[in-house]
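Subject: Structure handover

Hello,

Here is the structure I promised to pass on. Please open it first, then read my notes below.

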Amino acid sequence: MTYYSLVFPLFFAAAVLVFWLVPPKARGAVLLAAGIFYMASWGAASLGILAAVTLLSWAFGRGLAAAKTTAARRVFLVLGLLASAGYLFARKAVPLFASGAVLVTATGLAFYALQAAAYIADLYKGRCPVQKSLLRYAVYMSFFPRILSGPIGRPGEFFPQLEELCAGQRRCTPDRLRRGLTTMLGGWAEKLVISNILSDWVTPIFARWTECSAPVVVMGAAGFALSLYFDFAGYSHLALGAARVLGIDLPANFRRPFFAQSMGEFWQRWHISLSGWLRDYIYIPLGGSRRGTLRRMLNLLVTFVVSGLWHGSAWHYLFWGLLHALLQIGGLLTKPLRRPLAGRGGAVMVWVRRAFVFVCFALTLVFFGADSLGQGAGMLARMVSGAPGLSPLDLGVTGTELAFAALGLVVAFCLDLAAEKAEGQGSCLYDRFAALPGAVRTAALLVLAVTVLVFACRLIGGDAASFYYAQF
Amino acid sequence: MTKFLLRLAAFVLAALVLFAGVLGLSALGPFSEIFAKLTASTGYSASASEEIGAHITAVQAEDGATALILGDSVCWQVFGPFSLCNTAYRIDGSNRAVTLAGQYLLAKAFLDAHPDATDVYLIITPDSFSAGFDAGYGYQYAAAPFAAAGLLGGLDDTTRAELTAAYGAPFLTGTFARWADASPLVKKLYLNALEVWQPAAAQSGPLVPLARRNLENLEALCQERGAAFHLLCAPLADSEDRHTAMASLEQAFRDAGLYDSYSAYFTQAPWYDRALFGEDGVHFDNATADMDFYARVIGEIQNATGLLDGLVLSYD
């Protein structure tokens, strides 16, 4: 069951209704039941693996909290991390070296395994208290709005909110529902109106890149970057909105990444929950920036290679991670040269820097979207070859569809620009929107809702485009 | 909170009403193509309705035809090339998805427009006897074109009830059929909803009740109008699966007590070398078959049955 299946709105409405109608003490049980039901829709194996990771990580967490000696605590730490992320690591690493190896697929594993590992690590470091209630820990692990593709949760941000909900301190208010549902509507629009059309256009470019002209391959790389962003940001907004309706405020997973002016800043805005996890649980424990430039570069290399491996068990993902490590290291080494230029050039230089970040990201993403290292390298070579070939409208997507996607991109760009400005002034886009006259708001939301309904029709009768990040 | 929930309900209702407006707009002129592209519905064109609609218009034309040849796609492949050189024969082979109910309606429309008609031929392979009102092609071929032409009332009560159970009464009106033909988006939504919800399972077996009933209705109709009814077998590939299908159908005809009335369908079935057929083993291979070949096939059917007298097989 994805956010697009016909049954999801019914499931979600039922879950929300029951959740807010039962006594506060029973809300945890309702969320757990909904999480189990949701995960069961992905198959018994997925549910079983989630249950195993949940039970084992919770049990080792209890053991860690009860351990008296440092040695015992370390044993429980290792056991807890193995229970949390061991299977995920095996699923990602084993196929690299044993191409025939088949490990059972577990939906959402890449996301909830990191949540479990974060809990164990935070417990060890004393950054969060032990969760004695298996039920509440299971809710943390199986919270259905985010289980498919994040945002990756942290115990410190989730458990206090759950406690408040179960104590009746958080209430269902019109503002909470309005914000949550509006966020969900925006997420649907990002995915359905922009990402799906771009994806329908980009997929044949990656599949038939040897037949495409050089400019089309370039457009394919840019289109893939935009498609991936609106796919994942759309999912994240759906998750954030759904969680908000259920009384939980999840942290933002994207903060207008294409407005970043350096690759370092980009990773503070793109897939923030994963970047933050890698920073806190890989980069900083390795020493971060505290042990000299050389060690810092090595730490960056390890962190981004782990990021590549997390995305997929193939060499082209690892290479993608490596490229980003090199970009970070390049940024680090050229920092002294760039420092005198900082703040100069005004708005023009700001947009030049933003364009540079986008180009870097789109070019590295060719290896991410390709099937192999060879394809990625071949596509890059074709971009500069000037080779003739298929034109943009030879790939099964009509000019009308591309025009609508372009219109969606322009609207999204304007909204992002407004959000960037609002954030700079200590506000947020939703607050600005909420301040508009009621009729304007309603009209805008109605147009958005009908647009979403129309574009949702693309999913009917075909292979409904799934969320890109759900595959990880 | 109550006020908010009421507003939310009103918002959802307004969005659905506006969406219904979009569906209405999607049937109008240039919007039809735009919405078809935006919703990936271009594959849901009105081609089926146009195809069967042309046959409906043709059989209703008040011309000098005294005989009608109906049938499936094999019949149309063999007899269709001669449709323009015949004036006494109206040749309107279509396909199996039309079902025997559709064939009955075409025959009725012909007999209504041609009171002096003398013969009605139904030339079909065994596959047509197993065709029911399914969620795939059934609506597009057996229901919508006849609904748009206002002919569904000519069916017997049981068939009408089966049609309603399969497709839903609101969708068997001329208005909806024409709307769906004008809007690929509406047709896409409806046909996919049929696939998901399957209101009634299509009948199955070598001789489905729908086919049997409408075969008998067709015979009775022709008798009532003073026309002779002839059930002939369309050319078959001499292959194991076709022999098996014929044997199953023959047994079903015997079980239904119909064999004696239609034994010629089985005894005079025209068998041809499998190599003459295309990959599907049902239709002749168009790469090798031409007008002369089809004229020879029809000549052999004429010789075997002693029917189809005076059918012109040349444009000379």
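Start with A:Ala117. Leaving aside neighbours within four places in sequence, A:Ala117 is in contact with A:Leu81, A:Ser84, A:Ala85 and A:Tyr281. Two residues are in contact if their C-beta atoms, placed from the backbone, lie within 7 Å.

A:Ala117 also belongs to the largest nonpolar core, which has 218 residues. A nonpolar core is a set of buried Ala, Val, Leu, Ile, Met, Phe, Trp, Tyr and Cys residues joined through C-beta atoms within 7 Å. Buried means 20 or more other C-beta atoms within 10 Å of the residue's own; exposed means 12 or fewer, and partly exposed is in between. The residues with the most contacts inside this core are A:Ala113, A:Ala117, A:Ile120 and B:Leu68. Helix α10 (residues 214-245) of chain A gives the most to the core, with 19 residues.

Some ground rules. This is a predicted model: local features need pLDDT of at least 70, side-chain atom pairs count only at pLDDT 80 or more, and totals for chains, interfaces and linings use all residues. Residues are numbered from 1 along each chain as its sequence is written, while chains are lettered from A and ligands numbered from 1 in the order in which they are written.

Confidence

pLDDT is the predictor's confidence in each residue, from 0 to 100. Chain A has a mean pLDDT of 92, and 98% of its residues reach 70 or more. Within chain A, confidence is lowest in helix α15 (residues 335-338), at a mean of 85. It is highest in helix α6 (residues 134-142) of chain A, at 97.

Chain A overall

Chain A has 20 helices and zero strands. Helices (H or I, at least four residues) and strands (E, at least two) are DSSP runs, numbered from the N terminus. Of the 472 residues of chain A, 43% count as buried. Its radius of gyration is 23 Å, which agrees with the value near 23 Å for a compact globule of 472 residues. That radius is taken over C-alpha atoms; the globule rule is 2.2 Å times the number of residues to the power 0.38. Among contacts in chain A with a separation of 6 or more, 73% are between residues 24 or more positions apart.

Where the chains meet

The contact takes 18 residues from chain B and 18 residues from chain A. On the side of chain B that touches chain A, α1(B) gives the most, with seven residues. By class, that side of chain B has 13 nonpolar, three polar and two charged residues. Here Ala, Val, Leu, Ile, Met, Phe, Trp, Tyr, Cys and Pro count as nonpolar, Asp, Glu, Lys and Arg as charged, and the others, Gly among them, as polar.

Backbone points to check

A cis peptide bond joins A:Gly150 and A:Pro151, with omega about 5°. A:Pro151 sits in the loop between α7 (144-147) and α8 (155-166) of chain A.

A:Arg256 is not a glycine, yet has a positive phi of about 45°. A:Arg256 lies in the loop between α10 and α11 (263-266) of chain A. A:Arg256 counts as buried because it has 20 C-beta neighbours inside 10 Å.

B:Leu308 also has a positive phi, near 60°. B:Leu308 lies in the segment after α13 (291-305) of chain B. B:Leu308 is buried, with 21 other C-beta atoms within 10 Å.

Best wishes
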